[in-house]
Amino acid sequence: MIKLRKSVKKKDKEVSESPKQNKETTNLTIDPSLEQTLKIFREIYTVPTNHDVIIRNLSIPGKDKPAAIIFIKTITDPQIIEQNIIKPLQSSTEPFQSIEDIVSAQTISTENNINQIATKINNGNVALFIEGEDLAFLFDASNFESRTVEKTENENVVKGPKEAFNEKAATNISLIRKRIKSENLVVESAIVSNESKNDLFIIYQKDLVNEKLLQNVKARVKSLDTNAIQNLSLLEQYIEERKYSIFPTTLYTERPDRAASFIEDGYIILIMDNSPDTLIIPATFWSFYHSAEDHYLRLPYANFTRLLRILALFITLFASALYVAVVTFHAEMIPPDLLLAIAATRERVPFPAAIEVFIMEIAFELIREAGLRVPSPIGPTIGIVGALILGQAAVQANIVSPIVVIIVALGGLSSFAIGDISMNFAIRISRFMMLLSASIFGLYGITSIFVMGLFYMLSIKSFGVPYLAPMTPNYISSEDTIIRRTLQKEIFRPGYVKPKNLKKRQGEN
Amino acid sequence: MKKQINRGKIIIYLIPLFILSGCWDQREVEEFAYVIAMGIDKPKDDENLIKITYLIANPESGNAASGGAGNEPPREVISFKTDDFVVSRNIANTVIAKQISYDLLRILIVSEEFARDENFIRWIYDATKEMEIRRDAKLMITKEDTEKYILNNQPKLETRPHEYFQMIIERGNETGMTPTSDLTTFFRITEADADLFLGIYSTTEKEERSSNPINPDNFKAGEFQYGGETNNTQFAGSAVFKEGKMIDVLTIEETRLTFMLNPTLTAQEILTTFPDPFDEKYRIATRLTKNGTEDIKINTKKSTPSIDVNVPILVEVLTNHSMEHYAKDSQKRKTLNKSFEQALEKKLNELIRKTQEEYKADPFGWSLIARKKFLTIPEWEAFDWMKKYPEMDINITVDVELGKFGRQGDIPKLKEIRD
């Protein structure tokens, strides 16, 4: 995922460097003269230098007028163009038959602004120009290349649907419609960038969503003034409130089932082309802590994994920091057996405990980062080299003590239990902050960093929703925070998104 | 501009935070020499000095992970004269390379001679001043000189000293053969000035035992005769402290009886024998456990204050050498029950008499219960528990409940086997 983001950023740069679109065409309307119109479009698309833009001249026998169609062949479906557009046009003999009746394409619209027409062509439409007509007919024949619907890669579940979003917005919307077959589901579209004209789809359930929240999201999307926003990962950074905060405030998921269940709770989700994900707005801390499987597993199993996950979260945060604090400042807290064992293993280690842990922590992060970047065939090798050689050799060379290897490995392993990549980073960065303050101030440092972190989390809002809601401040909700309740008891939608209808179902009693 | 000034202010405030509070007094765990046990003695020739013996653990012994240096001994002992055990931490560094730490100090060993000294209490109170000494450290009394004790104490299997002391003291508590003897309890009882404190009694010197051949589990440390190839140290019985000064030693049996009467002490399993009521030749092995809490009624209003104690005891009969079928015979069980009760009551009464007449104070912690009868502390102090105790009217009743009769209740009929 990180890989993807980085490459996207690079592309983004290239796009912004490209020359600006001709300003003079902005308000031009097309000329009734076909020759004149085609000349303008040849200029716009730099035909014939531009290889995949096709201008095909044809004549409509019934009308006895020359005509031409313009399309980009790499993003259109040749089958549709041939069967539904060219063939009917050429074989029509009735002079008074309208174009709508001749062409059997799915959608037909007319447009006379050259700039608008170009946008449509860029989106995979076929434009038809007829001599003497001062407007163009546009038929949708778009066929952008994309992956098929594949299995999830990051948010895997054992039990439950395995479908994941892909890079095509239409597919993604279809995956959501498949789950919410309701006329109340609204898919609004908006263009978020000036030049690349990237489409954004705002999806919500109109009988649930809070109008204020919706206006807020729309306003933020509208206020964007950039050339191009390739995908949601970039959009996320444009619309979030705190850009320097280590905590994410929008939830990024690749699972249509998860997105659908958020829509059903009154949230808003954003979909864009080129993003195999959706953005869920607003997001609270708990939504990062939860996983899709939590509701698919039966109650005891789900809560078991939830408890494991929160344990893993605390181990990640505290394990190495506690070790450093206790060993350097509070040795009397450790039982004698353990203290002597630690002292024995540290006897020949040349570094203070804090440095030792930092070395291993950084080594672990390096292995992790390198493991992400290496081409997949070498991946396992790197893992073995990293874990075995580094850990084992470091211990044998008395660079680190074996207990530190255990503690760092445990903390590192536990960090994987938080599936969401943004929250994962947040936790890992806080772990280093904890470690630093623990090595300077001991337990006092850990406590104060933790308290400061809690204060900070309480101060964050995601689109007006407090980050730790519904726990603090308390809201009416299904109380799905650290552990969940039975489905029958989850009566209310989350009160903090202020849905129009708070009750999901009648209660059990 | 204003933002910059604010940022500057924050940095200015943060810097002293690091400098003033920081980690400058931190020290890594391996830079300490951990004293596991500390012996305190009175040198014969000098009144104002004490002799300190440190038992320092070697963390590397028996540790496979550290690599190399497997031949180092598990411990190091140093003994020297000094003013007190606070300054001794520095003086020891003339010989010991690492800083002396009391973090792992789990046991304070005092020689009997010093414990019986009037001035013992002056030195032991240093433990309340020293930052690192934990209040749950144990106080142990040895018959001999502590240096000799520590040197002679050579456990064969539990070579790491902290492990040895921890295990043997814990086990002694469970079986009721040695008291719990926390340092904090010593200070509490000494300061309350009402009860007796019991400390662990131990020695490495075996003595020829002459008296009392009847009961094989009524002895104190040093009197236990054993052969074989093992450690010389015995932990048995308790040292009795009155007003911060040792006055006597209780045997194992007396210590266990104290466990039964003292509401603050619990022994998990006391294995002991009783005379068999059906055949005087044999003794019955039993496991005694407290069967609920003892019922202690204290009346301080009477001219002679009275204490009525009812001790509920669950007795499991473990052997049956007289081969009597009491498991199936309620009459015999009644006899058995009665004989246990009588035996226990007799022993308890003897102990009570001993504390009243000999010690003139109780080791049972009853003053804690009696305290509640008074509205104010001055009233309680005016009552003077310790002074009144020898004259008190004490009634002990034992309520025995028979538990299991071993794994197999049945016993073959001897006559049938030998026909």
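**View 1. Strand 9 of chain A is mostly covered, with five of its five residues (268-272) buried.** Buried means under 20% relative accessible area, with exposed over 50% and partly exposed in between (1.4 Å probe, protein chains only). Strands (E, at least two residues) and helices (H or I, at least four) are DSSP runs, numbered from the N terminus. This is a predicted model in which local features need pLDDT of at least 70 and side-chain atom pairs count only at pLDDT 80 or more, while totals for chains, interfaces and linings use all residues; side-chain values use heavy atoms, with hydrogens and water left out. Residues are numbered from 1 along each chain as its sequence is written, and chains are lettered from A and ligands numbered from 1 in the order in which they are written. In a regular strand the side chains alternate between the two faces of the sheet. In strand 9 of chain A, one side holds A:Ile268, A:Leu270 and A:Met272 and the other A:Ile269 and A:Ile271, all buried.

**View 2. Strand 9 of chain A pairs with strand 7 and with strand 10.** Two strands pair if DSSP finds at least two bridges between them. Strand 7 (residues 199-205) of chain A runs antiparallel to strand 9 and is joined to it by four bridges; A:Leu200 has A:Met272 as its bridge partner. Strand 10 (residues 278-281) of chain A is also antiparallel to strand 9, with three bridges, and A:Leu270 is partnered there by A:Leu279. The hairpin of strands 9 and 10 of chain A has five residues between the strands, and A:Asn274 takes a positive phi near 70°.

**View 3. An open sheet of five strands in chain A has the order 1-2-4-5-3, with antiparallel pairing.** Strand 1 (53-60) and strand 3 (108-111) of chain A are at the edges with a single partner strand each, so one side of each has no neighbour in the sheet. From one strand to the next the twist averages 25°; axes are lines fitted to C-alpha atoms, for helices over the stretch in contact, and angles run from 0 to 180 degrees between N-to-C directions. Strand 4 (residues 125-130) and strand 5 (residues 136-140) of chain A are antiparallel and joined by four bridges, A:Val126 having A:Phe139 as its bridge partner. Helix 2 (residues 34-44) of chain A packs on the sheet, touching strand 1, strand 2 (65-72) and strand 4, and its direction makes about 15° with that of strand 2. Contact means heavy atoms within 4.5 Å. Helix 5 (residues 114-122) of chain A lies across strands 2, 3, 4 and 5, at about 140° to strand 4.

**View 4. The axes of helix 12 (residues 299-329) and helix 16 (residues 402-415) of chain A come within 7 Å and cross at roughly 155°.** Helix 12 of chain A is therefore roughly antiparallel to helix 16 of chain A; angles over 145 degrees count as such, under 35 as roughly parallel, 65 to 115 as roughly perpendicular and the rest as oblique. Contacts include A:Ala312, A:Ile315 and A:Tyr323 of helix 12 and A:Ile403, A:Ile407 and A:Ser415 of helix 16.

**View 5. A:Arg431 lies in helix 17 (residues 421-441) of chain A.** A:Arg431 is buried, with a relative accessible area of 1%. Not counting residues up to four places away in sequence, A:Arg431 touches A:Thr316, A:Leu317, A:Ser320, A:Glu361, A:Glu365, A:Val408, A:Gly411 and A:Gly412.
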